[in-house]
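Hello,

Here is the structure I promised to pass on to you. Please open it next to this email, and I will walk you through what was found.

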Amino acid sequence: MGTFRAIRIDKAEKGTTAALTQFDEAELMEGDVTVRVEYSALNYKDGLAVTGKAPVVRRFPMIAGIDFAGTVEQSSHPAWKAGDKVICTGWGMGETHLGAYAEKARVKGDWLVSLPGTMSARDAMAIGTAGLTAMLSVLTLEKYGLTPKDGPVVVTGAAGGVGSVATAVLSKLGYHVIASTGRMTEADYLKGLGAAEVIDRAELSGPAKPLAKERWAGGVDSVGSTTLANVLSMTKYRGAIAACGLAAGMDLPSSVAPFILRGVCLLGIDSVMCPIELRKTAWNRLASDLVPGKLTEITHEIGLDEVISAGSKILAGQVRGRIVVKIL
Ligand code: NDP
């Protein structure tokens, strides 16, 4: 048993501390698969964990990081053997189970998904939890029955991780995507991802009317709060919105008007405890519905030593697209 590099979170007198340090392998938690982690990513929740801005970490010491891709080193789980390429996202990693910003992770084999053949570990983390969440949103809208013929779709927080992948996937599927952003300087970036229109998020940030002019048939909202309330009030008759985030807040200052007068549906998206079969479907769809070149456009790579400072940037809404973290 040796040690490995990891971003460790400890409880302090006031809040928590985060540091890149050596972690003892003997301290790894229970699990039937040990993975050599190659790439992780920086998600909004990781920003909260490494800065201590919100109490997402519920066990100490913790290794931060909610998602990884890597190679199985050891397994006593029947589905996995040494050398298998795997992805793991959510399931409490970085919150209640030791997480992904580490050279080694020990997890339950039941949590793992095979890396699709066409994807590298880096590609998988360029997608990461944010991209998985975007695809779960798309799958949920499709299950509801939404098609490109129904009309435009809106994506909020479009220049962020979830928003960038949602924009790219929905446009590839033939939707007219209206991308809402607070960074109009990113308009060319969003058009490059496939947005047909880019709107200023200020259009969606005032107090929402119960009903407003109908603008879209569906959407993916990663912002919550007043933005989601406005999005709902502008959704067409029998449209549907997938709600997956809270970048602007957890509240929803809305009314029942869109639901009972326009038959609008609000569809909840959770990636953390999402059933494994749905994850497999989502990763296979990400392999087919995301043009590989688009991933390069949205991705920026950092090392483990840069994660803590990047965590503050993601909370400040200063990160464009996705940040992958090279571990090995
Ligand atoms: P990012 O920080 O990459 O993206 C969030 C985007 O939201 C920002 O880039 C910005 O986009 C917009 N934004 C930020 N602050 C505000 C604000 N105050 N008002 C309006 N818009 C704002 O984060 P992720 O894409 O990784 O995550 C997005 C959200 O989704 C987070 O709340 C996260 O917790 C949640 N999430 C939920 C998951 C689930 O399982 N349900 C899984 C993954 C993420 P722009 O500059 O374009 O306006």
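A word on names before we start: helices (H or I, at least four residues) and strands (E, at least two) are DSSP runs, numbered from the N terminus. Residues are numbered from 1 along each chain as its sequence is written. This is a predicted model, in which local features need pLDDT of at least 70 and side-chain atom pairs count only at pLDDT 80 or more, while totals for chains, interfaces and linings use all residues.

**The annotated span**

An unreviewed UniProt entry carries the annotation "domain: Enoyl reductase (ER)" for residues 15-325. UniProt positions are given in the numbering used here, feature names are shortened, and annotations may be inferred rather than shown by experiment. That span is 31% helix and 26% strand, and its end C-alpha atoms lie 25 Å apart.

**Around the ligand**

Helices α1 (44-51), α2 and α3 (161-172) each give at least two residues to the shell around the ligand. There are 32 residues around the ligand, and Gly157, Ala159, Gly160, Thr181 and Gly245 come nearest (a residue is near a molecule or strand if its C-beta atom, placed from the backbone, lies within 6 Å of it). By class, this shell has 14 nonpolar, 14 polar and four charged residues. Here Ala, Val, Leu, Ile, Met, Phe, Trp, Tyr, Cys and Pro count as nonpolar, Asp, Glu, Lys and Arg as charged, and the others, Gly among them, as polar.

**The three-stranded sheet**

An open sheet of three strands has the order β2-β1-β4, with antiparallel pairing (two strands pair if DSSP finds at least two bridges between them). β2 and β4 are at the edges with a single partner strand each, so one side of each has no neighbour in the sheet. Strand β1 (residues 3-11) is joined to strand β2 (residues 16-24) by nine bridges; Thr3 stands opposite Asp24, and Ala6 opposite Thr21. These two strands form a hairpin with four residues between them, and Gly15 in the turn has a positive phi of about 75°. Two bridges join β1 to strand β4 (residues 62-63), where Arg8 stands opposite Ile63 and Ile9 opposite Met62.

**The six-stranded sheet**

The other open sheet to look at has six strands in the order β11-β10-β9-β12-β13-β14, and the pairing is parallel. Its edge strands, β11 (197-200) and β14 (265-268), each pair on one side only. On average, neighbouring strands of this sheet are turned by 20° against each other, direction ignored. Strand β12 (residues 216-221) and strand β13 (residues 235-243) share five bridges, and Gly219 stands opposite Ile241 in β13. Helix α2 packs on this sheet, touching β12, β13 and β14, and its direction makes about 145° with that of β13. Axes are lines fitted to C-alpha atoms, for helices over the stretch in contact, and angles run from 0 to 180 degrees between N-to-C directions. Helix α3 lies across β9 (153-156), β10 (177-181) and β12, at about 160° to β9.

Among the residues that make the contact are Leu132 and Met135 of α2 and Ala282 and Leu286 of α7; two residues are in contact if their C-beta atoms, placed from the backbone, lie within 7 Å. By class, this contact has seven nonpolar, two polar and one charged residues.
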